[in-house]
Amino acid sequence: MAEFTATVFQNEFLPDGGTDVHAIVTVDCSGAGTAGQTGSGAAGEIVIIDTSGSMGQSAMAAAKQAAQAALTEIVDGTYFAVISGNGAAFLAYPLVNSGPAMVPMNEATRAEATDAISRLRSGGGTEISTWLDMAGVLFTSVPQVVQRHAILLTDGENNEPAPVLDEAIARATGFYQCDCRGVGVDWKVEEIRRIAQALLGTVDIIARPETMAADFQAMMQTAMARGVANAELRVWTPQGAQILFVRQVSPTVEDLTHRRTAVNDLTGGYPTGAWSDESRDYHVAVRLAAKAVGQEQLAARVQLAIGDEVKAQGLVKAKWSDDSELTTRIDQQVAHYTGQTELALAIQEGLAAKAAGNEELATTKLGRAVQLAKETGNEEATSKLRKVVDVEDEEAGTVRLKKTVEKADEMALDTASTKTTRVRQ
Amino acid sequence: MTETPAASAQTCPHCGALLETDAKFCEACGKAVGAETAAAPAATGEPSPLDDVSPISAVTARPGTAAPEAAAGSRAPCLQCGGAVDDDGYCTQCGTKAPDPRDHFEEQPAPWVGGVCDRGIRHHRNEDAMAMAVDGPRVVLVVCDGVSNTVDSHIGSMNAAHAVLDVLRPPLPRGLGVPESRDAAITRLFTDAAAAGQRAIAATVPEDVPNPPSCTLVAAVLDDDVVHFCGIGDSRIYLLPDAGDGQMLTVDDSMAQLLILGGTPRAEAEASKQAHSITKWLGKDSVEIVPRVGQVRVTGPGWLLACSDGLWNYASEPAAIQEQIAAAGSDDPLVIARHLVAFANASGGQDNIAAALARVGKNADAAPAPVAAHGGETDG
């Protein structure tokens with residue numbers, strides 16, 4: 001049985017007239033078990049492979065190998081299917097015309113699926129909305145599956161108007177989770193990130209096809225370790241309070257503010273998807289009506305709930321004080337993640353400005369990113385930034401854009417922009 | 001009025017709204033609330049720490065019991081908005097923190113005995129503890145001041161105070177009937193009481209806690225117009241007649257006292273930087289727990305006061321406290337204790353405050369005078 005704990009980091013002291021309370025809530029999960037094996041319902045996995053014409057021979061071969069590697073990680077008994085996608089989506093496995101379109105994994109079905117994948121050929125365009133919709137249809141055909149997860153691989157830009165893809169993303173949101181990978185440099189990070197963020201998944205670049213199999217295997221291992229099918233972050237705030245934002249800040253920055261669903265008048269629920277034995281941090285900011293110095297009140301109850309059952313709770317407090325030594329302290333965790341969130345934004349805005357030809361803005365933003373990466377000790381961001389800019393002064397954030405940059409390095413910086421590091425204790 | 005728990009623990013039996021202390025009618029529904037109402041919150045399932053003759057506040061934590069909030073089966077509604085208070089101690093509607101019964105509690109085991117223990121303003125929890133018992137004309141007052149920056153000293157001090165009270169509650173020993181023998185027996189009793197307090201505070205936390213709780217101790221027993229008292233640390237017993245000079249009976253075990261012995265004037269010594277460093281205390285890391293003991297005969301009407309430094313910081317001289325007692329303008333010890341706490345808070349409330357009072361010398365009219373001192377280092 002999975003156990004959750006919640007730990008709150010904050011400076012609860014507010015100055016006279018202070019209204020905004022910030023807290024980092026760390027939620028730890030242990031004893032999660034294996035997907036589909038904890039008695040809460042079956043798990044389903046769908047592998048979606050891009051088979052558009054742009055997939056070259058080596059990419060195609062690597063993609064097939066990767067999909068097959070992923071199959072080896074799917075635990076027996078898990079429902080699964082394979083979709084091949086180009087201008088439309090095709091059910092590559094199981095080969096059925098009606099009824100349930102996902103089958104339980106066993107030795108025979110794994111061999112059949114492996115064989116089916118080996119016979120895929122590339123051709124046609126890239127219309128990702130059709131792939132997402134088909135995955136939804138497949139999951140719907142097996143109602144006993146309650147934990148739904150897909151892996152999506154693509155190599156090219158989507159050939160659809162943005163609203164078409166967005167509508168498909170909206171249909172899939174809250175229904176299944178999806179991790180996305182882009183192979184090569186012809187796909188759009190921003191586009192694929194939209195899918196991954198909405199579907200509570202990760203996004204990354206696979207620059208070299210030969211690493212693809214290992215990456216898929218790891219992704220599927222992670223998925224199968226998520227024994228908690230679906231959990232919700234709940235935030236209670238007092239009457240009259242305003243939630244400024246609710247963000248996941250570790251392991252990646254994901255703004256959840258606008259994904260609130262009402263639990264009751266004072267409590268909102270935010271999706272967190274499936275959980276393995278892991279730890280995630282959330283940054284909650286609440287605005288309260290100021291109270292008199294010496295007063296104390298609760299600013300938020302932050303809970304992790306499975307269904308209607310609250311598994312862990314952290315209390316975010318507010319105490320008004322006239323002792324400036326207490327009120328001016330900024331909690332180390334809050335400061336750290338505020339910096340890391342700004343870092344993610346600075347990288348994304350810097351790269352967008354660079355792509356749009358606005359070198360001045362790109363230089364400023366990426367310079368700020370270098371500075372923030374240094375301040376918050378994010379070495380991965382620092383090393384990835386250094387492949388895109390020449391750093392003159394790390395602490396001041398003075399940089400020059402490199403004259404020639406590998407597209408893959410730029411994309412790797414972009415996809416990794418939301419990854420955060422934790423505070424060194 | 002036999003018993004007064006923290007204001008927050010009294011609720012209207014008709015509508016459940018919170019009652020003002022001493023309320024005759026509910027402010028919310030207007031119905032009369034009888035004296036039996038006040039006793040209702042006492043039914044927490046816990047046996048009373050005192051016997052039936054001497055009822056005591058139910059909200060006061062007993063030795064070895066969990067934090068007071070755990071005992072509260074049904075919490076009083078939120079003071080701010082009337083919403084339900086959650087188990088986490090905060091309102092489910094407006095988030096206001098419900099007052100912790102440990103932060104402020106009052107006791108009045110008899111109309112002539114009463115006390116208030118309060119968190120004060122600056123501290124975030126109340127580490128002072130107070131316990132009292134009445135048996136006919138006999139009264140026992142105990143105050144323990146938990147040392148801040150030790151682990152769980154708010155629980156430890158309460159455990160110690162009740163352990164000391166339990167030892168002092170039975171009638172005083174008579175010895176072999178001669179004064180010397182009787183004094184020796186009483187000295188022994190106070191030493192046993194301090195040892196019981198020591199064991200209780202040490203048992204509060206597991207063996208391996210690096211910074212175990214510690215506290216001061218003062219206890220006074222009024223028996224046949226004689227006050228027997230003992231002290232460890234810098235809490236105090238005062239005897240304050242209605243007319244004439246008051247006396248500080250105990251002698252502090254503190255750096256300030258060492259300075260005073262060295263010739264520094266009291267006001268100056270008590271204002272010095274190290275003034276509040278105590279030289280004796282109860283706790284696992286204590287080396288000396290034999291209390292100073294003494295006795296004094298009450299010869300006129302007045303008040304016996306046991307208090308922590310949270311009060312005497314602002315009124316060290318007996319005359320200053322007498323002035324505040326007069327300012328309270330009441331004969332009710334609880335009203336006076338509330339006034340003393342309010343006075344300390346108005347003066348800054350830098351520390352927790354405990355003030356326990358008993359009316360003494362009702363029928364005598366002469367000024368009190370020390371009659372004897374016995375045991376250890378004494379000071380009358």
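What separates B:Arg188 and B:Asp192 in helix H4 (residues 179-202) of chain B? The first point below takes up this question. The model under review is a predicted one.

1. **A salt bridge inside one helix.** B:Arg188 and B:Asp192 stand 4 residues apart in helix H4 of chain B, so about one helical turn separates them. Their side chains form a salt bridge, with 3.3 Å between the closest N and O atoms. B:Asp192, at 32% relative accessibility, is partly exposed.

2. **A network of charged residues in chain A.** Some salt bridges share partners, and in this way A:Asp204, A:Glu380, A:Lys384 and A:Lys419 are joined into one network. Over all chains, the count of salt bridges comes to 41.

3. **A salt bridge between two loops.** A:Glu157 and A:Lys188 meet through their side chains in a salt bridge of 3.4 Å, N to O. A:Glu157 belongs to the loop between strand S8 (145-154) and helix H4 (162-172) of chain A, while A:Lys188 belongs to the loop between strand S9 (177-183) and helix H5 (189-198), so the pair ties together parts that are 31 residues apart in sequence. A:Glu157 is partly exposed, with a relative accessibility of 39%. A:Lys188 is also partly exposed, with a relative accessible area of 39%.

4. **A salt bridge between two helices.** The side chains of A:Lys354 and A:Glu410 form a salt bridge of 2.6 Å, N to O. A:Lys354 sits in helix H8 (residues 332-355) of chain A and A:Glu410 in helix H11 (residues 407-416) of chain A; the pair therefore ties together parts that are 56 residues apart in sequence. A:Lys354 is partly exposed at a relative accessible area of 21%. A:Glu410, at 16% relative accessibility, counts as buried because that class covers values under 20%.

5. **The interface of chain A and chain B.** The size of an interface is often given as the accessible area lost when the parts come together. Here the two chains bury about 1100 Å² between them, and 39% of this area is on carbon and sulfur atoms. A:Gln239, A:Glu296 and A:Arg301 supply 36% of the area that chain A buries against chain B, more than any other three residues. The contact involves 15 residues from chain A and 13 residues from chain B.

6. **Charged and polar links across the interface.** Between chain A and chain B there are 4 salt bridges. One of them joins the side chains of A:Arg301 and B:Asp86, at 3.4 Å from N to O. Across the interface, 12 residue pairs are in polar contact. On the side of chain A that touches chain B, strand S17 (296-306) and strand S18 (309-320) are the elements that give two or more residues. The residues of this side divide into 6 nonpolar, 3 polar and 6 charged.

7. A:Leu304 has its place in strand S17 of chain A. Its relative accessibility is 2%, so A:Leu304 counts as buried. From A:Leu304 to A:Ala231 the C-alpha distance is 6.8 Å, although the two are 73 residues apart in sequence. Leaving aside residues up to four places away in sequence, the residues that A:Leu304 touches include A:Phe4, A:Val27, A:Ala231, A:Trp275 and A:Val310.

8. **Helix H9 of chain A.** This helix (residues 359-375) has 17 residues and spans 24 Å from first C-alpha to last, close to the expected 24 Å. Among its buried residues are A:Ala362, A:Leu366, A:Val370 and A:Leu372. The elements covering the buried residues include H8, helix H10 (379-385), strand S19 (389-393) and strand S20 (398-401) of chain A. Just after the helix, A:Gly377 takes a positive phi of about 70°.

9. **Helix H9 of chain B.** This helix (residues 333-346) has 14 residues and reaches 19 Å from first C-alpha to last, close to the expected 20 Å. B:Asp332 caps its N-terminal end, with a side-chain oxygen 2.9 Å from the backbone nitrogen of B:Leu334. The buried residues of the helix include B:Leu334, B:Ile336, B:Leu340 and B:Phe343. Among the elements of chain B against which the buried residues pack are strand S1 (104-110), helix H8 (318-328) and strand S13 (353-360). Just after the helix, B:Gly348 takes a positive phi of about 140°.

Note on methods. Residues numbered from 1 in each chain as written. Chains lettered and ligands numbered in written order. Predicted model: local features only at pLDDT ≥ 70, side-chain atom pairs only at ≥ 80, totals over all residues. Heavy atoms only, no water. Expected span 1.5 Å × (residues − 1). Buried < 20%, exposed > 50% of the residue type's maximum accessible area, 1.4 Å probe, protein only. Contact = heavy atoms within 4.5 Å. Polar contact = N/O pair within 3.5 Å; in protein donor to acceptor, adjacent residues only side chain to side chain. Buried area = accessible area lost by both parts, 1.4 Å probe. Nonpolar A, V, L, I, M, F, W, Y, C, P; charged D, E, K, R; others polar.
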